[in-house]
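Good morning, and thank you for making time for this presentation. Please look at the sequence and the structure as they come up, and I shall then take you through a few places in turn.

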Amino acid sequence: PRSSCMAHQCCRITRHNRCCWLTNQQIWRCAGATVVRDGMFELTQGAEDQEGHVLCRQPFVSHGVEVHASVEYSMSTKACNQHGGHGICIYLLDPTIPGWDRSFNGAGPLGFVGKAGAILGVGLESSLGDSTGEFFGEHPGAVAVRRASDSKLLCEAVALEKHGEEGVESVSTDGGEWRMIKAKFDIADMTVTVKIGGYKYLDNVSIDLGQDEAGNPIKIPSQVCVAVCAGVAGHWRVDRICVNNLKVDTEEETDR
């Protein structure tokens, strides 16, 4: 169930450390279909209608400048004629909101929209075969930024395609590849820039979080946490989605 969660003892996600579950409060929290296997977080395991989350409970203070969030992912997919479909989203949370690290009852195929504490997320989606995009609507095979409160897209979805030696051909990473998603959130200018496979697909997208009760623009708080969610939805859309090295920092993570 989406609301189930467990605390995890690792203070950093690595591909080679052995992991075990604990019942007391720890830095990492998993929910939904997520399991720990071979030292990595496996958000979905190739079954239908799965959704998984990994959330870092360590708050990050940006000092009002920039927040650099990144994650490595691996995604195996079925062929187009086998109706594969999947999505992954790295998102920021406000740790002052009640239930931010325990409530995982968000809506949509990834469980992101309306999740307690979620602010906004960078999502990649690939829906193949007879399906259309469920994270972006009519734009499968793309990347975009979505507001968590009401599901509003903050930019036009940009197709994932190669640009010379940079970029990627699709969301999937078949063949054992690990790929990095990097998102720079500029707290002062309220913009977000996204790189995938070394290519800048989104550049200085304006962040509109709506208005508060006084009519003032809502800003990204100076203290945030980071999480990633993934999901597969619908009949026979079977995909295995794993993540590793989920990080947040003041500087951009180096490509591996």
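Let us begin with Glu51, a residue of strand β6, which covers residues 50-56. The model is a predicted one. Is Glu51 buried or exposed? Its relative accessible area is 8%. Because the limit for a buried residue is under 20% relative accessible area, Glu51 counts as buried. What does the side chain of Glu51 contact? It makes a polar contact, at 3.2 Å, with the side chain of His53.

From this residue I turn to the chain as a whole. The protein chain has 256 residues, and 51% of them are buried. It contains 17 strands and zero helices. If we take the contacts between residues at least 6 apart in sequence, 65% of them join residues at least 24 apart.

One example of residues separated in sequence is the pair Met190 and Ile220. They stand 30 residues apart in sequence, yet from C-alpha to C-alpha they are 7.6 Å apart in space. Where does Met190 lie? Its place is the loop between β13 (179-186) and β14 (191-196). Although Met190 is a loop residue, its relative accessibility is 6%, and therefore it counts as buried. Leaving aside residues up to four places away in sequence, Met190 touches Val205, Ser206, Ile207, Leu209, Ile218, Lys219 and Ile220.

Ile220, in turn, has its own set of partners. With residues up to four places away in sequence again not counted, Ile220 touches Leu92, Leu120, Phe185, Ile187, Met190, Ile207 and Leu209. Which residues touch the most other members of the largest nonpolar core? They are Ile88, Leu120, Phe185 and Ile220, in a core of 52 residues. Apart from this core lies another, of 15 residues, with Leu55, Trp100, Leu110 and Cys225 among them.

The space in the largest pocket comes to about 270 Å³. The pocket is lined by 14 residues, and those closest to its centre are Gly117, Ala118, Ile119, Ser149 and Ile218. How is the lining of the largest pocket made up by class? It has eight nonpolar residues, three polar and three charged.

That concludes the presentation, and I thank you for your attention.

Note on methods. Residues are numbered from 1 along each chain as its sequence is written. This is a predicted model: local features need pLDDT of at least 70, side-chain atom pairs count only at pLDDT 80 or more; totals for chains, interfaces and linings use all residues. Side-chain values use heavy atoms; hydrogens and water are left out. Helices (H or I, at least four residues) and strands (E, at least two) are DSSP runs, numbered from the N terminus. Buried means under 20% relative accessible area, exposed over 50%, partly exposed in between (1.4 Å probe, protein chains only). A polar contact is a pair of N or O atoms within 3.5 Å; within protein, one must be able to donate a hydrogen and the other to accept it, and residues adjacent in sequence count only if both atoms are side-chain atoms. On a 1 Å grid over the protein atoms alone, a cavity is a set of points where a 1.4 Å probe fits but cannot get out, and a pocket is an open set with protein on both sides within 12 Å along at least five of seven lines; lining residues have an atom within 4 Å of a point. Grid points are joined across faces, edges and corners, and a volume is the space filled by probe spheres set on the points. Ala, Val, Leu, Ile, Met, Phe, Trp, Tyr, Cys and Pro count as nonpolar, Asp, Glu, Lys and Arg as charged, and the others, Gly among them, as polar. Contact means heavy atoms within 4.5 Å. A nonpolar core is a set of buried Ala, Val, Leu, Ile, Met, Phe, Trp, Tyr and Cys residues joined through side-chain atoms within 4.5 Å.
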